[in-house]
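Welcome! Please take a look at the sequence and the model shown here, and then read on for a short tour.

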Amino acid sequence: MDADIAAAAARLAAGDLVAFPTETVYGLGADALCPAAVAKIFAAKHRPADHPLIVHLPLGTPLQDWARDVPPAAIRLADAFWPGPLTLVLRRHVRVPDIVTGGQDTVGLRIPSHPVALALLAAFGSGIAAPSANRYGRISPTCAEHVRAEFGTEVAMVLDAGPSRYGIESTIVDLSGGMPRLLRPGAIARSDLAAAMGLAADCLGGSGGRGPDHPRVPGSLPGHYAPRTPLLLLARASLQAHLIAAGPERDRIAIVCWSEPISSGWAWHLPDDPEGYAHGLYAALRAADAAPVDRIWVESVPDTPPWEAVRDRLARAAAGSGSTSP
Ligand code: TXA
Ligand code: MG
(Lines give C-alpha, C1' and ligand atoms only; values in the text may rest on other atoms or scores of the structure.)
(Ligands and ions follow the chains in the order given, each with its own letter.)
Protein backbone atom coordinates (compact mmCIF):
# COMPACT_ATOMS: atom_id res chain seq x y z
CA MET A 1 0.00 0.00 0.00
CA ASP A 2 2.90 2.44 0.71
CA ALA A 3 4.02 2.34 -2.93
CA ASP A 4 0.40 2.79 -4.06
CA ILE A 5 0.02 5.84 -1.82
CA ALA A 6 3.23 7.40 -3.16
CA ALA A 7 2.04 6.72 -6.73
CA ALA A 8 -1.41 8.18 -5.95
CA ALA A 9 0.15 11.33 -4.45
CA ALA A 10 2.27 11.70 -7.61
CA ARG A 11 -0.86 11.35 -9.77
CA LEU A 12 -2.58 14.07 -7.76
CA ALA A 13 0.47 16.33 -8.12
CA ALA A 14 0.32 15.72 -11.89
CA GLY A 15 -3.30 16.93 -11.97
CA ASP A 16 -4.99 13.52 -12.27
CA LEU A 17 -7.96 12.07 -10.39
CA VAL A 18 -7.44 9.47 -7.68
CA ALA A 19 -10.24 7.63 -5.88
CA PHE A 20 -9.46 6.84 -2.26
CA PRO A 21 -11.14 5.29 0.79
CA THR A 22 -12.42 7.33 3.68
CA GLU A 23 -14.20 6.11 6.80
CA THR A 24 -17.53 7.34 5.35
CA VAL A 25 -17.54 6.51 1.62
CA TYR A 26 -14.93 6.50 -1.19
CA GLY A 27 -13.93 9.93 -2.52
CA LEU A 28 -12.88 11.08 -5.99
CA GLY A 29 -9.91 13.34 -5.33
CA ALA A 30 -7.98 16.09 -7.08
CA ASP A 31 -5.47 18.75 -6.03
CA ALA A 32 -7.74 21.33 -4.37
CA LEU A 33 -5.47 24.23 -5.38
CA CYS A 34 -5.38 23.28 -9.09
CA PRO A 35 -8.56 24.41 -10.92
CA ALA A 36 -7.79 22.29 -14.00
CA ALA A 37 -7.52 19.15 -11.87
CA VAL A 38 -10.71 19.97 -9.95
CA ALA A 39 -12.51 20.53 -13.26
CA LYS A 40 -11.89 16.85 -14.06
CA ILE A 41 -13.99 15.87 -11.03
CA PHE A 42 -16.99 17.84 -12.31
CA ALA A 43 -16.56 16.34 -15.78
CA ALA A 44 -16.27 12.74 -14.52
CA LYS A 45 -19.24 13.03 -12.14
CA HIS A 46 -21.41 15.09 -14.53
CA ARG A 47 -21.80 17.38 -11.53
CA PRO A 48 -23.25 20.90 -12.01
CA ALA A 49 -20.57 23.57 -11.55
CA ASP A 50 -22.35 25.37 -8.71
CA HIS A 51 -22.23 22.39 -6.34
CA PRO A 52 -19.21 22.83 -4.04
CA LEU A 53 -16.71 20.13 -3.09
CA ILE A 54 -15.32 19.18 0.32
CA VAL A 55 -11.58 19.81 0.78
CA HIS A 56 -9.88 17.01 2.74
CA LEU A 57 -6.91 18.20 4.79
CA PRO A 58 -3.79 16.50 6.19
CA LEU A 59 -3.73 15.89 9.93
CA GLY A 60 -2.49 18.96 11.79
CA THR A 61 -3.44 21.51 9.09
CA PRO A 62 -4.40 24.83 10.74
CA LEU A 63 -7.96 25.76 9.77
CA GLN A 64 -6.72 29.28 9.12
CA ASP A 65 -4.75 27.97 6.09
CA TRP A 66 -8.07 27.27 4.31
CA ALA A 67 -10.65 29.43 6.09
CA ARG A 68 -10.97 32.88 7.67
CA ASP A 69 -12.97 34.26 10.60
CA VAL A 70 -12.94 30.76 12.14
CA PRO A 71 -15.39 30.85 15.09
CA PRO A 72 -14.62 29.15 18.43
CA ALA A 73 -17.41 26.61 17.78
CA ALA A 74 -15.48 25.35 14.73
CA ILE A 75 -12.36 24.80 16.82
CA ARG A 76 -14.45 22.92 19.39
CA LEU A 77 -15.99 20.66 16.75
CA ALA A 78 -12.64 20.03 15.07
CA ASP A 79 -11.06 19.16 18.42
CA ALA A 80 -13.93 16.81 19.27
CA PHE A 81 -14.44 15.02 15.94
CA TRP A 82 -11.33 15.35 13.72
CA PRO A 83 -9.97 13.24 12.30
CA GLY A 84 -13.42 11.88 11.56
CA PRO A 85 -16.71 11.97 9.64
CA LEU A 86 -17.46 15.69 10.08
CA THR A 87 -17.35 18.47 7.47
CA LEU A 88 -17.20 22.10 8.60
CA VAL A 89 -18.44 24.84 6.28
CA LEU A 90 -16.47 28.02 6.99
CA ARG A 91 -15.76 31.32 5.25
CA ARG A 92 -13.14 30.52 2.67
CA HIS A 93 -9.51 31.61 2.52
CA VAL A 94 -8.73 33.62 -0.66
CA ARG A 95 -6.47 30.88 -1.98
CA VAL A 96 -9.32 28.37 -2.31
CA PRO A 97 -10.23 28.35 -6.02
CA ASP A 98 -13.77 29.34 -7.10
CA ILE A 99 -14.27 26.00 -8.81
CA VAL A 100 -13.95 24.19 -5.45
CA THR A 101 -16.56 26.34 -3.71
CA GLY A 102 -18.97 26.70 -6.61
CA GLY A 103 -18.24 30.42 -6.46
CA GLN A 104 -19.52 30.70 -2.87
CA ASP A 105 -17.76 32.57 -0.11
CA THR A 106 -17.59 29.41 2.01
CA VAL A 107 -15.59 26.18 1.88
CA GLY A 108 -16.32 22.70 3.24
CA LEU A 109 -13.35 21.22 5.15
CA ARG A 110 -12.76 17.81 6.67
CA ILE A 111 -9.88 15.79 8.12
CA PRO A 112 -10.88 12.15 7.56
CA SER A 113 -9.80 9.39 9.95
CA HIS A 114 -9.22 6.55 7.49
CA PRO A 115 -5.52 5.58 7.69
CA VAL A 116 -5.18 5.34 3.89
CA ALA A 117 -6.81 8.75 3.39
CA LEU A 118 -4.53 10.25 6.04
CA ALA A 119 -1.45 8.64 4.50
CA LEU A 120 -2.43 9.96 1.05
CA LEU A 121 -3.03 13.45 2.44
CA ALA A 122 0.33 13.37 4.27
CA ALA A 123 2.16 12.19 1.14
CA PHE A 124 0.44 14.81 -1.03
CA GLY A 125 1.03 17.50 1.60
CA SER A 126 -1.95 19.70 0.73
CA GLY A 127 -5.74 19.73 0.45
CA ILE A 128 -7.53 17.17 -1.71
CA ALA A 129 -10.93 18.23 -3.08
CA ALA A 130 -13.14 15.15 -3.14
CA PRO A 131 -16.84 14.47 -3.51
CA SER A 132 -18.16 10.95 -3.15
CA ALA A 133 -16.88 8.86 -6.07
CA ASN A 134 -20.22 8.32 -7.85
CA ARG A 135 -22.01 9.99 -10.75
CA TYR A 136 -24.07 13.00 -9.73
CA GLY A 137 -27.25 12.06 -7.85
CA ARG A 138 -26.39 8.36 -7.60
CA ILE A 139 -25.49 6.09 -4.70
CA SER A 140 -22.18 6.78 -2.95
CA PRO A 141 -19.53 4.02 -3.22
CA THR A 142 -18.61 2.04 -0.11
CA CYS A 143 -15.97 -0.15 -1.73
CA ALA A 144 -13.42 0.12 -4.55
CA GLU A 145 -15.48 -2.15 -6.86
CA HIS A 146 -18.34 0.39 -6.79
CA VAL A 147 -15.94 3.10 -7.98
CA ARG A 148 -14.51 0.94 -10.76
CA ALA A 149 -17.97 -0.14 -11.87
CA GLU A 150 -19.05 3.47 -12.15
CA PHE A 151 -15.97 5.14 -13.67
CA GLY A 152 -13.89 2.39 -15.32
CA THR A 153 -10.72 3.88 -16.75
CA GLU A 154 -11.88 7.50 -16.33
CA VAL A 155 -10.16 7.56 -12.94
CA ALA A 156 -6.36 7.27 -13.03
CA MET A 157 -6.15 5.21 -9.85
CA VAL A 158 -8.41 3.65 -7.21
CA LEU A 159 -6.83 2.97 -3.79
CA ASP A 160 -8.59 -0.13 -2.44
CA ALA A 161 -8.90 -0.55 1.33
CA GLY A 162 -12.01 -2.71 1.49
CA PRO A 163 -15.47 -1.63 2.66
CA SER A 164 -16.01 1.80 4.26
CA ARG A 165 -16.53 1.72 8.02
CA TYR A 166 -19.56 4.04 8.31
CA GLY A 167 -21.09 3.64 4.87
CA ILE A 168 -22.87 6.99 4.75
CA GLU A 169 -21.42 10.44 4.17
CA SER A 170 -20.03 12.87 6.74
CA THR A 171 -22.18 15.12 8.89
CA ILE A 172 -22.00 18.71 7.53
CA VAL A 173 -22.22 21.71 9.86
CA ASP A 174 -22.30 25.28 8.54
CA LEU A 175 -20.42 27.66 10.83
CA SER A 176 -20.06 30.47 8.31
CA GLY A 177 -23.00 32.49 9.65
CA GLY A 178 -24.32 33.23 13.12
CA MET A 179 -25.70 30.02 14.58
CA PRO A 180 -24.27 26.62 13.58
CA ARG A 181 -26.60 24.78 11.19
CA LEU A 182 -26.74 21.10 10.41
CA LEU A 183 -26.75 20.95 6.59
CA ARG A 184 -26.55 17.16 6.25
CA PRO A 185 -27.07 14.57 9.00
CA GLY A 186 -24.40 11.89 8.91
CA ALA A 187 -22.23 9.55 10.86
CA ILE A 188 -21.98 11.95 13.82
CA ALA A 189 -25.28 12.41 15.68
CA ARG A 190 -26.91 15.81 16.07
CA SER A 191 -26.89 15.39 19.88
CA ASP A 192 -23.12 14.74 19.97
CA LEU A 193 -22.44 17.83 17.84
CA ALA A 194 -24.59 20.01 20.03
CA ALA A 195 -22.96 18.63 23.19
CA ALA A 196 -19.48 19.43 21.85
CA MET A 197 -20.57 23.03 21.24
CA GLY A 198 -22.43 23.33 24.54
CA LEU A 199 -25.77 23.78 22.73
CA ALA A 200 -29.15 22.05 22.89
CA ALA A 201 -29.67 19.60 20.00
CA ASP A 202 -32.60 21.59 18.61
CA CYS A 203 -30.35 24.67 18.16
CA LEU A 204 -28.79 23.13 15.05
CA GLY A 205 -31.80 23.68 12.81
CA GLY A 206 -34.45 21.09 12.10
CA SER A 207 -34.30 20.84 8.34
CA GLY A 208 -31.49 18.34 8.13
CA GLY A 209 -30.48 20.30 5.04
CA ARG A 210 -33.82 19.99 3.28
CA GLY A 211 -34.92 23.58 3.58
CA PRO A 212 -34.96 25.98 0.65
CA ASP A 213 -32.25 28.01 2.38
CA HIS A 214 -29.58 25.40 1.62
CA PRO A 215 -29.81 25.15 -2.16
CA ARG A 216 -26.07 24.63 -2.60
CA VAL A 217 -25.88 21.28 -0.84
CA PRO A 218 -26.69 18.79 -3.61
CA GLY A 219 -26.94 16.05 -1.01
CA SER A 220 -29.85 18.10 0.32
CA LEU A 221 -31.84 18.10 -2.90
CA PRO A 222 -34.84 15.78 -2.65
CA GLY A 223 -33.60 13.42 -5.36
CA HIS A 224 -30.11 12.24 -4.47
CA TYR A 225 -28.39 9.01 -3.41
CA ALA A 226 -30.83 7.29 -5.76
CA PRO A 227 -30.87 3.95 -7.57
CA ARG A 228 -32.19 3.83 -11.16
CA THR A 229 -34.89 1.34 -10.23
CA PRO A 230 -38.01 2.96 -8.68
CA LEU A 231 -37.66 2.76 -4.89
CA LEU A 232 -40.53 2.91 -2.42
CA LEU A 233 -40.42 3.14 1.39
CA LEU A 234 -43.07 1.02 3.10
CA ALA A 235 -43.88 0.22 6.73
CA ARG A 236 -43.31 -3.45 7.53
CA ALA A 237 -46.98 -4.50 7.62
CA SER A 238 -47.77 -2.68 4.40
CA LEU A 239 -44.70 -4.14 2.68
CA GLN A 240 -45.79 -7.66 3.59
CA ALA A 241 -49.39 -7.06 2.51
CA HIS A 242 -48.25 -5.69 -0.87
CA LEU A 243 -45.89 -8.63 -1.36
CA ILE A 244 -48.72 -11.10 -0.83
CA ALA A 245 -50.92 -9.12 -3.19
CA ALA A 246 -48.14 -9.10 -5.80
CA GLY A 247 -48.40 -12.89 -6.30
CA PRO A 248 -45.97 -14.17 -8.95
CA GLU A 249 -44.93 -10.55 -9.62
CA ARG A 250 -42.90 -10.65 -6.41
CA ASP A 251 -39.97 -12.10 -8.32
CA ARG A 252 -39.64 -8.68 -9.98
CA ILE A 253 -39.48 -6.84 -6.63
CA ALA A 254 -36.30 -6.35 -4.60
CA ILE A 255 -36.75 -6.05 -0.85
CA VAL A 256 -34.46 -4.26 1.62
CA CYS A 257 -35.56 -4.93 5.20
CA TRP A 258 -34.11 -4.84 8.71
CA SER A 259 -36.59 -6.05 11.36
CA GLU A 260 -37.08 -9.67 10.30
CA PRO A 261 -35.73 -11.36 7.17
CA ILE A 262 -38.22 -11.75 4.32
CA SER A 263 -37.89 -14.81 2.14
CA SER A 264 -38.17 -13.63 -1.41
CA GLY A 265 -36.10 -14.03 -4.55
CA TRP A 266 -34.34 -10.68 -4.23
CA ALA A 267 -34.10 -9.67 -0.59
CA TRP A 268 -31.44 -7.97 1.49
CA HIS A 269 -31.68 -8.09 5.28
CA LEU A 270 -29.70 -5.33 7.02
CA PRO A 271 -28.77 -5.13 10.74
CA ASP A 272 -31.38 -3.66 13.10
CA ASP A 273 -29.04 -1.02 14.60
CA PRO A 274 -28.46 2.28 12.75
CA GLU A 275 -24.66 1.89 12.49
CA GLY A 276 -24.85 -1.62 11.08
CA TYR A 277 -27.68 -0.61 8.77
CA ALA A 278 -25.80 2.43 7.43
CA HIS A 279 -22.71 0.30 6.89
CA GLY A 280 -24.59 -2.07 4.58
CA LEU A 281 -27.19 0.23 3.03
CA TYR A 282 -25.47 1.51 -0.13
CA ALA A 283 -24.10 -1.91 -1.13
CA ALA A 284 -27.60 -3.35 -0.69
CA LEU A 285 -29.16 -0.56 -2.79
CA ARG A 286 -26.58 -1.07 -5.53
CA ALA A 287 -27.16 -4.83 -5.53
CA ALA A 288 -30.95 -4.36 -5.58
CA ASP A 289 -30.56 -1.87 -8.43
CA ALA A 290 -28.49 -4.39 -10.40
CA ALA A 291 -30.95 -7.27 -9.83
CA PRO A 292 -33.48 -8.14 -12.60
CA VAL A 293 -36.34 -6.32 -10.86
CA ASP A 294 -38.74 -3.48 -11.71
CA ARG A 295 -39.12 -2.11 -8.18
CA ILE A 296 -37.23 -1.82 -4.91
CA TRP A 297 -39.29 -1.85 -1.73
CA VAL A 298 -37.49 -0.69 1.40
CA GLU A 299 -38.87 -1.30 4.89
CA SER A 300 -39.04 2.11 6.58
CA VAL A 301 -36.77 2.58 9.60
CA PRO A 302 -37.58 3.85 13.11
CA ASP A 303 -38.48 7.50 13.56
CA THR A 304 -35.91 8.03 16.35
CA PRO A 305 -32.81 10.31 16.54
CA PRO A 306 -30.15 7.57 16.04
CA TRP A 307 -31.74 6.76 12.66
CA GLU A 308 -31.82 10.39 11.41
CA ALA A 309 -29.06 10.11 8.81
CA VAL A 310 -30.36 6.79 7.47
CA ARG A 311 -33.92 8.18 7.22
CA ASP A 312 -32.54 11.20 5.37
CA ARG A 313 -30.72 9.05 2.76
CA LEU A 314 -33.68 6.69 2.29
CA ALA A 315 -36.08 9.61 1.79
CA ARG A 316 -33.80 11.07 -0.88
CA ALA A 317 -33.27 7.72 -2.57
CA ALA A 318 -37.05 7.33 -2.78
CA ALA A 319 -37.56 10.89 -4.05
CA GLY A 320 -34.75 10.51 -6.59
CA SER A 321 -36.16 7.33 -8.05
CA GLY A 322 -39.57 8.88 -8.61
CA SER A 323 -41.69 5.97 -7.35
CA THR A 324 -44.97 6.84 -5.59
CA SER A 325 -46.99 3.63 -5.34
CA PRO A 326 -46.42 -0.13 -5.09
O1 TXA B 1 -18.27 11.74 3.75
C2 TXA B 1 -18.16 12.61 2.90
O3 TXA B 1 -18.46 13.80 3.12
C4 TXA B 1 -17.65 12.20 1.52
C5 TXA B 1 -16.20 11.77 1.64
C6 TXA B 1 -15.57 11.45 0.32
O7 TXA B 1 -15.48 12.78 2.31
N8 TXA B 1 -17.79 13.27 0.58
C9 TXA B 1 -18.98 13.67 0.11
O10 TXA B 1 -18.87 14.66 -0.85
O11 TXA B 1 -20.04 13.21 0.48
P12 TXA B 1 -20.09 15.11 -1.77
O13 TXA B 1 -19.58 16.12 -2.71
O14 TXA B 1 -20.74 13.94 -2.34
O15 TXA B 1 -20.99 15.84 -0.76
C16 TXA B 1 -20.47 16.97 -0.15
C17 TXA B 1 -21.54 17.88 0.26
C18 TXA B 1 -22.31 18.38 -0.91
O19 TXA B 1 -23.68 18.24 -0.62
C20 TXA B 1 -21.85 19.81 -1.01
O21 TXA B 1 -22.81 20.66 -1.55
C22 TXA B 1 -21.56 20.15 0.43
O23 TXA B 1 -20.93 19.00 0.88
N24 TXA B 1 -20.66 21.29 0.52
C25 TXA B 1 -19.38 21.36 0.18
N26 TXA B 1 -18.92 22.61 0.33
C27 TXA B 1 -19.96 23.35 0.78
C28 TXA B 1 -20.14 24.71 1.10
N29 TXA B 1 -19.15 25.58 0.98
N30 TXA B 1 -21.35 25.11 1.52
C31 TXA B 1 -22.36 24.23 1.64
N32 TXA B 1 -22.27 22.93 1.32
C33 TXA B 1 -21.08 22.50 0.90
MG1 MG C 1 -22.01 12.74 -3.08
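This is a predicted model: local features need pLDDT of at least 70, side-chain atom pairs count only at pLDDT 80 or more; totals for chains, interfaces and linings use all residues.

Residues are numbered from 1 along each chain as its sequence is written, and side-chain values use heavy atoms, with hydrogens and water left out.

**The domains**

Let us begin with domain 1 (2-204) and domain 2 (231-321), whose bounds come from an automatic or database domain assignment. Their C-alpha centres are 28 Å apart. Where domain 1 and domain 2 touch, 21 residues of domain 1 are in contact (heavy atoms within 4.5 Å) with eleven residues of domain 2. Between them, domain 1 and domain 2 bury about 1300 Å², of which 54% is on carbon and sulfur atoms; buried area is the accessible area (1.4 Å probe) that two parts lose on being put together, summed over both. On the domain 1 side, I139, I168 and P185 supply 45% of the area buried against domain 2, more than any other three residues.

**The helix pairs**

Two packed helices are described by the angle between their axes and the distance between the axes. Helices here are DSSP runs (H or I, at least four residues), numbered from the N terminus. Axes are lines fitted to C-alpha atoms over the stretch in contact, and angles run from 0 to 180 degrees between N-to-C directions.

| Helix pair | Angle | Axis distance |
|---|---|---|
| α1 (residues 2-13) and α5 (residues 115-124) | about 55° | 9 Å |
| α3 (residues 72-81) and α7 (residues 190-197) | about 120° | 9 Å |
| α9 (residues 274-290) and α10 (residues 308-321) | roughly 30° | within 9 Å |

Angles under 35 degrees count as roughly parallel, over 145 as roughly antiparallel, 65 to 115 as roughly perpendicular and the rest as oblique. By its angle, α9 is therefore roughly parallel to α10.

Which residues join α1 to α5? I5, A8, A9, L12 and A13 of α1 meet V116, A119, L120, A123 and F124 of α5. This contact of α1 with α5 divides into ten nonpolar, no polar and no charged residues, where Ala, Val, Leu, Ile, Met, Phe, Trp, Tyr, Cys and Pro count as nonpolar, Asp, Glu, Lys and Arg as charged, and the others, Gly among them, as polar.

Turning to α3 and α7, these helices are oblique to each other. A73, R76, L77, A80 and F81 of α3 make the contact with D192, L193, A196 and M197 of α7. By class, the α3 and α7 contact has seven nonpolar, no polar and two charged residues.

Conventions
Chains are lettered from A and ligands numbered from 1 in the order in which they are written. Helices (H or I, at least four residues) and strands (E, at least two) are DSSP runs, numbered from the N terminus.
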